[in-house]
Amino acid sequence: MTKKNKLLLIDGSSVAFRAFFALHQQLERFKNKSGLHTNALYGFHNMIESVLTKEKPSHVLVAFDAGKTTFRNEFFNEYKSGRSKTPNEFTEQMPYLRELLDGFGIKHYELSNYEADDIIGTLSDTVDPAIFDVVIISGDRDLTQLAKENVRVDITVKGVSELKEYTIESIADEMGIKPKQIIDLKGLAGDTSDNIPGVTKIGEKTALKLLKEYHSVEGVYEHIDELKKSKMKENLINEKEVAFLSKRLATIMLDTPITIGVNDLAYNGPDIEKLVQFYKEMDFKTHLSKLDTTEYDAANEEKREEVAYKFVTEIIPEMFTDKTGLYLEMLTDNYHTSEIISVGWGHENHIYVSDPEIVLNSPYFKEWAQDAALSKQVFDVKRTYVALNRYGIELKNSQFDILLASYILNTKDNSKDLSEVAIEHDYYNVSPDESIYGKGAKIHIPEDVSIMHEHIAHKIKAIVLLSEQLERHLAQNNQTELFYDMELPLAMVLAKMEISGIKVDAQRLREMKVEFAERLIGIENRVYELAGETFNLNSPKQLGVILFEKMGYPVIKKTKTGYSTAVDVLEQLRDQAPIVEDILEYRQIAKLQSTYIEGLLKVIHGNSGKIHTRYMQTIAQTGRLSSIDPNLQNIPIRLEEGRKVRQAFVPSHEGWKIFASDYSQIELRVLAHISDDDHLKEAFIEGQDIHASTAMRVFGIEKQEDVTPAMRSQAKAVNFGIVYGISDYGLSKNLDISRKEAQLFIDTYFDKYPGVKIYMEDIVREAKEKGYVETLFHRRRYLPDINSRNFNLRSFAERTAMNTPIQGSAADIIKVAMIEMDKRLETEGLKATMLLQVHDELIFEAPESEIPLLEKLVAEVMENAVALNVPLKVDSSSGDSWYDSK
DNA sequence: CTTTTCACG
DNA sequence: ACGTACGTGAAAAGT
């Protein structure tokens, strides 16, 4: 029988407190119009929302602590003292938390003299396990003592929305004890946050050891005489009372006299009206706009300001002027193929909407679009350019792009929906596309087309108004040049590369497909034989069962959901498990087959035999491009077998070649420049092998001949680590050495490259002060976690602070080179075409006769894109396919 | 729709 | 003690 009911119990007090501190560094950003802080409410809200979607509970209760003192203070009056005073900014939010819960339609409850724990404990313990699964959410690990067969306890880790699940099994795995023994653990070790004393000098480690032996506090004292004479034994004897008191304090009551029962807690979804009211009161505008219920739409319809526009069926020249907003509507996001379903253009108070066949066939429209003297404002210029190009219209003078501008202002804004971008900038007058067209398979043009026309009119108005606003904002941030001289011109270059596309030899791919298919069957059969049964080799879950349960190999790593079967795990099993050799080979071939062979075959355009990727210019947090549909930036190269896929990428004309140029060590050169470290600069200025040079310094070797390959490869790993934002842990894992040894490497490195050390310290300090870091060209990345009290979040932000200026400046440099390259190909009158960018590499096709010229030209342009205080170096090669250009 | 794995720089 | 190296996208499984 399947259980039908799930009871969700939330420790409201502790979660709210967690939420408050998780968003504490942004305390001042979270304020509503009347000055009330809202950060705890915001965090709490998001936690509830995600938990409701994930758990889909049938019953919910949020329990709160009631007042300052509880029954625990009766026998220990210091209980929970020593906590610093609750800040006012927190307490002022508590009354509204109840409003929020009413909006969600969630019951809440408190009972004087008791804590939320006790209410939760009692409910979780009394429901019938045959009927209810229970999930408990808290920020307090004490509650894990409540885990049972039907009770799971989720404790907040990162902020409040990420939860760690504790079950009987996971507690046993992690600590080797039963949930109930958590109480004994606290009895011995205490808990500083609740001011539970515990026994002097006994921490979690020691306590766990004792519990493994004697099971409980009582057990420890029954066998106290067996313990060796030690300071610890003395403490235990002297503080026996403390231990029992601590245990009592940590014990959650399971028979609290609560006046509610589970039947009062049925959850029937939110009360939209109250929720809308709450969002408005708190200025939670994003949440307000995300409510896509009919009630909300209706309420919003009246609120949404009307936009005057004209739907026209005839186009006249007077409709087009300078500084005009333009928007093409498409239902799906691949603008190479998606049908244009409507077109809008105009100014703040003169907006026109029309059907595509009317506009796109109008000579007046075409003339205007192609008139370089008349500027246009758009959302996503590349998309607009490419789509118009399909109709033989070449869009000129796109003076502003609110998507690009928004990305520059804050890289974290990566949405593709105009309404979301608008909301980011406090403009709320555009509905989300989803609310007009629906989503997924059911996406469609609304029956009443005037709804769509008005929607497009709203977009035009947003584009026009936001263009001005964002342009001012760019100037304030010193990012005007980044926008006008880099991203906007680059968008046009990328548009042309996408339109060119790259020719793919489908026949070659099909040959490989047949070959791989045969090999896969062979390997599969061998694996099944060794395993003694057939299963889905593509399923990590099924594979895990075979390897670790049936065949009994040791479990090396676990994932959230089960055994890990990733490469590094399998490699460790290689020696003892003959089967993994085959599994690894299968994995490799299967990946090539599904992602590259079949994947690429699917996206070849029928008539041209070409692939047209889309470069995403507003996704990567560092300023890099990304490539989708298909991703042409991760075509295999490291292993020969996969590298052969590149044989299918060929020139589009007879007698042409593929030509490729890549920057050598651009990130380390950028680091040499921004850190101004003398030794690092010297290595590049003198043209040394950088990893060998690092090896010489780190290992203290005089002559390069004495650097062994092993030393060089270790030095290489250290250099990588430096670029990524070094940590002893990361380096130790990469080099398979101890953390101590890794730390020694790092110390030695910083000793030999003091400039790099200073840069790393400075950039982190700067990030902590300003809240963001910048690249050479003033691209910004905000790091909200840089001052977090959470070690992991803060460390991550610190590494990002070190890495982003390096990776981001390298991205800037190749972007400059691409823009210049595009110009030069034109002015030099070459037939050569730029086709692809792979982060530090540009790929072209060209007539064979142009190759010698390109060798010089491309290197010159790339190497001189910017002047650093070390030289940039480019390597080039050409061949009959991408594979051969190596 | 999320998780795992694996391809690239 | 904590437990990750930085940045991406796609396929397949499983919920």
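What follows is a chat about a predicted protein model with DNA strands B and C.

Trainee: Before we start, what should I know about the model and its numbering?
Mentor: It is a predicted model, where local features need pLDDT of at least 70 and side-chain atom pairs count only at pLDDT 80 or more, while totals for chains, interfaces and linings use all residues. Residues are numbered from 1 along each chain as its sequence is written, chains are lettered from A and ligands numbered from 1 in the order in which they are written, and side-chain values use heavy atoms, with hydrogens and water left out.

Trainee: Okay, how many residues surround DNA strand C?
Mentor: There are 37, and the closest are Ser-539, Lys-541, Gln-621, Ser-626 and Asp-629. A residue is near a strand if one of its heavy atoms lies within 4 Å of it.

Trainee: Which helix gives the most to that surface near DNA strand C?
Mentor: That is α36, with 7 residues. Helices here are DSSP runs of H or I with at least four residues, and strands are runs of E with at least two, numbered from the N terminus.

Trainee: And how does the surface near DNA strand C divide by class?
Mentor: It has 9 nonpolar, 20 polar and 8 charged residues. Ala, Val, Leu, Ile, Met, Phe, Trp, Tyr, Cys and Pro count as nonpolar, Asp, Glu, Lys and Arg as charged, and the others, Gly among them, as polar.

Trainee: Which side chains come up against a phosphate oxygen of DNA strand C?
Mentor: Among them is Asn-536, with a side-chain N or O atom 2.7 Å from a phosphate oxygen.

Trainee: Switching to DNA strand B, which residues are closest?
Mentor: Val-567, Arg-587, Ile-637, Arg-638 and Asp-840 are the closest of the 21 that surround DNA strand B. The side chain of Arg-587 has an N or O atom 2.7 Å from a phosphate oxygen of DNA strand B.

Trainee: Which side chain reaches a base nitrogen of DNA strand B?
Mentor: Asn-634 does, with a side-chain N or O atom at 2.9 Å. Still, 76% of the atoms of DNA strand B within 4 Å of the protein belong to sugar or phosphate, and the rest to bases.

Trainee: New topic: is Ser-564 buried or exposed?
Mentor: Ser-564 is buried, because its relative accessible area is 5%; buried means under 20%, exposed over 50%, and partly exposed in between, using a 1.4 Å probe and protein chains only. Ser-564 sits in the loop between α25 and α26 (567-573), and its side chain reaches the backbone nitrogen of Ala-566 at 3.3 Å.

Trainee: Last one, which residues have the most contacts inside the largest nonpolar core?
Mentor: Leu-326, Trp-345, Phe-365 and Tyr-663, in a core of 180 residues. Such a core is a set of buried Ala, Val, Leu, Ile, Met, Phe, Trp, Tyr and Cys residues joined through side-chain atoms within 4.5 Å. Helix α36 (residues 791-827) gives the most to this core, with 12 residues.

Key:
A polar contact is a pair of N or O atoms within 3.5 Å; within protein, one must be able to donate a hydrogen and the other to accept it, and residues adjacent in sequence count only if both atoms are side-chain atoms.
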